Amino acid sequence: MTDHPLRDVADALIAATNAGDADAVVALFTPDAVIDDPSTGHRFDGHAGIRSYVERYFVGYHTVTRFLSIDILHDGRARVRVDFTGDFGHEIGLLDLTVDADRRITRIDADLE
């Protein structure tokens, strides 16, 4: 455990995607959660969309994510900066995470630096 619950959520998300465990990733999200990722040209809705996102862009590209930093924007929202490597090369990403009172992710707005 870290000193902030949003860091714990970010760490759990990174660990699950690095493990290629779509079930563990989906369990971190509310059923109606959204991932909006302009770098892919798509928005992913609900558990089915999130599973597709993980399988396509994390498992499919052998993506490894490394935590760089977190800025707590306000209660329930944070911007996480990460380092991505995989079959696509190397990118620095920004993940704007929003969580509910139960610390389940309701939305991620993802982008590349």
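# Fold, aromatic cluster and selected residues

Student: In this predicted model, which pattern does the protein chain follow along the sequence?

Tutor: The model is predicted. The protein chain has three helices and six strands. Read along the sequence, their pattern is α-α-β-β-α-β-β-β-β.

Student: Why is the protein chain as compact as a globular protein of that length?

Tutor: The globule rule gives 13 Å for 113 residues, and the chain comes close to that, so it is as compact as a globular protein of that length. The C-alpha atoms fill a box of roughly 35 × 30 × 25 Å along the principal axes. The radius of gyration is 13 Å.

Student: What percentage of the 113 residues is buried?

Tutor: A residue counts as buried when its relative accessible area is under 20%. In the protein chain, the buried share of the 113 residues is 39%.

Student: What is the accessible surface of the protein chain?

Tutor: Carbon and sulfur atoms hold 50% of the accessible surface. The total for the protein chain is about 5,900 Å².

Student: How far apart are the mean positions of the positive and negative charges?

Tutor: The protein chain carries 11 positive and 21 negative charges.

Student: Which residues form the aromatic cluster?

Tutor: The structure holds seven aromatic pairs. One cluster is formed by Phe44, Tyr53, Tyr57, Phe58, Tyr61, Phe84 and Phe88.

Student: Phe44 and Tyr57: what kind of pair do the rings form?

Tutor: The ring centres of Phe44 and Tyr57 are 6.1 Å apart, and the planes meet at 75 degrees. Planes over 60 degrees apart count as edge-to-face. The pair of Phe44 and Tyr57 is therefore edge-to-face.

Student: Where do Phe44 and Tyr57 sit in the chain?

Tutor: The pair links distant parts of the chain, 13 residues apart. Phe44 is buried at 6% relative accessible area, and Tyr57 is buried at 18%. Phe44 belongs to strand β2 (residues 42-45), Tyr57 to helix α3 (residues 46-59).

Student: Tyr61 and Phe88 form an aromatic pair; how many residues apart in sequence are the parts it ties together?

Tutor: This pair is edge-to-face, at 6.3 Å centre to centre and 70 degrees between the planes. Tyr61 lies in the loop between α3 and β3 (64-74), and Phe88 in the loop between β4 (77-86) and β5 (89-99). The pair therefore ties together parts whose separation in sequence is 27 residues.

Student: Are Tyr61 and Phe88 buried or partly exposed?

Tutor: Tyr61 has a relative accessible area of 37%, and Phe88 has 37%.

Student: What is the phi of His62?

Tutor: Most residues other than glycine have a negative phi. His62 is not a glycine, yet its phi is positive. His62 is found in the loop between α3 and β3, and it counts as exposed at 53% relative accessibility. Its phi is about 50 degrees.

Student: What is the phi of Arg103?

Tutor: Arg103 sits in the loop between β5 and β6. Its relative accessible area is 46%, so Arg103 is partly exposed. Arg103 is a residue other than glycine with a positive phi, near 65 degrees.

Student: Is Ala78 buried or exposed?

Tutor: Ala78 is placed in strand β4. Beyond four places in sequence, Ala78 touches Leu6, Ile70, Asp71, Ile72, Leu73, Leu95, Asp96 and Leu97. At 0% relative accessibility, Ala78 counts as buried.

Student: Which residues is Leu112 in contact with, leaving aside neighbours within four places in sequence?

Tutor: Leu112 is found in strand β6 (residues 105-112). Leu112 counts as partly exposed at 31% relative accessibility. The C-alpha atoms of Leu112 and Val82, 30 residues apart along the chain, are separated by 9.5 Å. The contacts of Leu112 are Ser39, Phe84, Glu91, Ile92 and Gly93.

Technical notes:
Residues numbered from 1 in each chain as written. Predicted model: local features only at pLDDT ≥ 70, side-chain atom pairs only at ≥ 80, totals over all residues. Heavy atoms only, no water. Helix = DSSP H or I, 4+ residues; strand = E, 2+ residues; numbered from the N terminus. Rg over C-alpha atoms; globule rule 2.2 N^0.38 Å. Buried < 20%, exposed > 50% of the residue type's maximum accessible area, 1.4 Å probe, protein only. Areas by Shrake-Rupley, 256 points an atom, 1.4 Å probe, with all protein chains shown as cover. Lys, Arg positive; Asp, Glu negative; His and termini not counted. Charge placed at Lys NZ, Arg CZ, Asp CG, Glu CD. Phe/Tyr/Trp six-rings, centres within 6.5 Å; stacked < 30°, edge-to-face > 60°. Contact = heavy atoms within 4.5 Å.
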